[in-house]
Amino acid sequence: MGIFLKNKNYRKLSFASWLSTAGDILFYLALMTYASKLHNYTLAISLISITEAIPRLIESLSGYYADRTKNKFKMIVWLAIIRFILYLIVGLLFVTNIAGWNLILLVIGINFISDISGMYSGGLTTPLIVNLVGQNEVAEATGFTNGISQIISTVAQFVGSVLLLYLSYSNLAIVNALTFLFAGLLYASVGHSYLKTHPQEDVAVNQQGFFTTLKSSFSQIKKANGLLTVISVIALLNGILMTLEPLISIVVAGNKSMLIGTYTFTIALIGAVDSIGFALGSAIGTIIFKKTSLFVISLIDTIISAGTTLAIINKNIIATLIFITLLSFFAGVASPKMMQWLVSSVDRTILSSSVGALNTILQIAGPLMTAIFTSIASTLGINYALFALIIVSVIVFAIILYVMNKTKKATTNVQPAE
């Protein structure tokens, strides 16, 4: 929070990001609500979900093009303006005579283009954040911003559900458009202020091909003792966290003793403590555990993941909620610290490509593990899936300990003699 309060340019950049996040959530709710009223609503909602997921899976590609972009601030501003125009068009489409599937396909297409633009914009922002706050403060800065963004996303969902009672789909599209306009103005302000004192900062760009860039990024990550393993471990931990939610839903559905009020409220409460835990971990945990090794954080989170699973097996809803909050909290601490390590390990010219590849790995792990463990639950039984998760946690714990000791020995061996 200290960096946020002291660094005016980073504060503006954060506000721009939060505006875009809030606008996106509001419009996503509006789009899903409209789709739910169509004749074949299942297909419409599936199409929206697929087009929302695709940009995240190609983040390494958008990061690559971000690394090749010279005037990053200028491009970010233009992308914000483009997204402003796109959602103005969406607002107009909702008040035309076009309706039903013709309208939803047009809006999904425009929304997809906007999401791709947003992913590209995020890649452009990554190296600029490092420039604004300094390499050593990346974890604290991004942790705070991501934590608040998580809170805004949660609040925006409730606000959106209320606004849908009073505003039309067209109005919400225009509200979303205005968030991008204001974000663009903030980006322009930051760019103008920053480039006055750092006119040459954006000159260095990546000149390598896409696959050469990924190879170079992977090579540099491998040279940082333990980083590649930690990335894999955090991907697994994020996967476990994502997998636990549907498994808990299955257990709660079959055990009324776990209900807090109604089934719907219980599931909503689980989602809420997950979001709150992650937000607190990102915003506050990165400050509290600033000097704590990422290996130690990962070990703690692995122990908590096993504890969460045991609480579910014992059908103790209170213990489950506490463990999920802690699990999300330390996951929120780990992600910014991992980003900090990555920033200090790869060349600045391929930073966005590296972050994009990293995020792609994290994005794939969740759905893949969810598919595996829910399949086990549906074929063999829920307890088999839960015990399998405990086994995964034990294996991950052992791997972290091994790499941690190996890294410590390697560091000791390279220390110069006095």
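**Close-up views of helix 13 and its surroundings**

**View 1. Helix 11 passes helix 13 in a right-handed crossing.** In this predicted model, local features need pLDDT of at least 70 and side-chain atom pairs count only at pLDDT 80 or more, whereas totals for chains, interfaces and linings use all residues. Residues are numbered from 1 along each chain as its sequence is written, and side-chain values use heavy atoms, with hydrogens and water left out. Helices are DSSP runs of H or I with at least four residues, numbered from the N terminus, and a crossing is right-handed if the near helix is turned clockwise from the far one by less than a right angle. Helix 11 (residues 263–288) and helix 13 (residues 317–343) pack with their axes 7 Å apart at an angle of about 35 degrees; axes are lines fitted to C-alpha atoms over the stretch in contact, and angles run from 0 to 180 degrees between N-to-C directions.

View 2. The axes of helix 13 and helix 14 (residues 351–379) cross at roughly 145 degrees and come within 11 Å. M338, M339, L342 and V343 of helix 13 meet L351, S354, V355, L358 and L362 of helix 14, a contact with 8 nonpolar, 1 polar and no charged residues.

**View 3. The second largest pocket has a volume of about 200 Å³.** Its lining includes N136, E137, E140, K290, K337 and W341, and by class the lining is made up of 4 nonpolar, 4 polar and 4 charged residues. Helix 7 (138–163), helix 12 (294–313) and helix 13 each supply at least two lining residues, with the largest share, 3 residues, coming from helix 13. A pocket is an open set of points on a 1 Å grid where a 1.4 Å probe fits, with protein on both sides within 12 Å along at least five of seven lines, and lining residues have an atom within 4 Å of a point; the volume is the space filled by probe spheres set on the points, which are joined across faces, edges and corners.

**View 4. Residues 414–418 have pLDDT under 50.** For this stretch the model has 0 contacts beyond four places in sequence, whereas the chain has a mean pLDDT (the predictor's confidence in each residue, from 0 to 100) of 82.

Definitions and conventions. Contact means heavy atoms within 4.5 Å. Ala, Val, Leu, Ile, Met, Phe, Trp, Tyr, Cys and Pro count as nonpolar, Asp, Glu, Lys and Arg as charged, and the others, Gly among them, as polar.
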